Amino acid sequence: MGDIEAVHRLDMLIREQDGVLTRAQVLECGLDSGFVRQKLRRREWVAAVRGVYVTHSGPLSWRQRAWVAVLDASPSVLSHESALQAVQGGGSLPIHILVDAHRSVTKRKGVVVHYRADAAAVSMYNMHPPRIRLEEAIIDLAASAKSEAAVIARLSDAVQAGRDAFRQARVARRPVRGVRPHR
């Protein structure tokens with residue numbers, strides 16, 4: 001593959017992942033370590049953690065912090081409130097991720113790691129960023145609540161998040177026969 005095609009593939013990946021990528025992904029695109037070193041030396045990229053880069057030197061958005069956490073512990077996905085926040089368009093720290101129960105993941109500031117034996121079965125790796133299924137995130141949030149009132153509050157928040165996501169999806173699509181537009 002030529003350098004032009006490799007750079008094009010890399011640019012597409014950077015867009016898909018909100019300006020966050022790994023060294024391994026750069027190499028998979030057909031570029032080499034020298035390309036990575038040059039980007040870092042010129043400060044076009046900054047290492048967020050070892051082997052995970054951000055394509056700017058400013059503060060990270062919530063989505064970029066989420067991508068860094070997921071890519072750093074790959075294969076992993078957003079979980080708990082972070083999975084819901086990914087649908088809503090961002091959120092707060094810490095970032096919650098899920099990995100397979102048999103793995104060991106480096107602890108990082110601002111990242112909470114959850115372990116499950118069925119992590120692959122509940123994960124949606126095709127999402128951007130990858131996350132667990134929303135129903136699983138809702139159950140995890142309810143299960144971690146400290147009181148009955150907190151369970152109700154978390155479930156109510158999840159229902160509202162689902163309504164908001166549905167509304168956004170509905171607005172973005174063409175009209176559907178028999179469905180009135182939301183006012």
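**A close look at α3**

A: At the start of α3, Asp32 puts a side-chain oxygen within 3.2 Å of the backbone nitrogen of Gly34. This counts as a polar contact (a pair of N or O atoms within 3.5 Å; within protein, one must be able to donate a hydrogen and the other to accept it, and residues adjacent in sequence count only if both atoms are side-chain atoms). The model is predicted: local features need pLDDT of at least 70, side-chain atom pairs count only at pLDDT 80 or more, and totals for chains, interfaces and linings use all residues. Residues are numbered from 1 along each chain as its sequence is written, and side-chain values use heavy atoms, with hydrogens and water left out.

The helix α3 covers residues 33–41. Helices (H or I, at least four residues) and strands (E, at least two) are DSSP runs, numbered from the N terminus.

Now its two sides. Ser33, Phe35, Val36 and Lys39 are the buried residues of α3. Buried means under 20% relative accessible area, exposed over 50%, and partly exposed in between (1.4 Å probe, protein chains only). Seen down the axis of α3, these buried residues fall within an arc of 160°, so they line one face of the helix. The arc is that of the directions from the helix axis to the C-beta atoms. On the other side of α3, Arg37 and Arg41 are exposed.

What covers the buried residues? The cover includes α1, α2 (23–28) and β3 (52–54).

Next, the nonpolar side. The largest nonpolar core has 12 residues, including Phe35 and Val36, along with Leu10, Leu13, Trp45 and Tyr53. A nonpolar core is a set of buried Ala, Val, Leu, Ile, Met, Phe, Trp, Tyr and Cys residues joined through side-chain atoms within 4.5 Å. The largest share, four residues, comes from α1. Another core, of 11 residues, lies apart from this one; Ala66, Val70, Ala73 and Val105 are among its members. In soluble globular proteins, nonpolar side chains tend to be buried together.

Then the charges. Lys39 forms a salt bridge with Glu44, and the closest N and O atoms are 2.8 Å apart. A salt bridge is a side-chain nitrogen of Lys or Arg within 4 Å of a carboxyl oxygen of Asp or Glu. Lys39 is buried. Glu44 counts as partly exposed, at 30% relative accessibility. After α3 comes Arg43, whose phi is positive, near 65°.

The whole structure holds nine salt bridges. One of them joins the side chains of Arg63 and Asp18 (3.1 Å, N to O). That pair links distant parts of the chain: Arg63 is in helix α4 (residues 62–72), Asp18 is in the loop between α1 and β1 (20–22), and they are 45 residues apart. Arg63 is partly exposed at 21% relative accessibility. Asp18 is partly exposed too, with a relative accessible area of 27%.

To sum up α3: its buried residues line one face, Arg37 and Arg41 are exposed on the other side, and Lys39 is bridged to Glu44.

Note on methods. Contact = heavy atoms within 4.5 Å.
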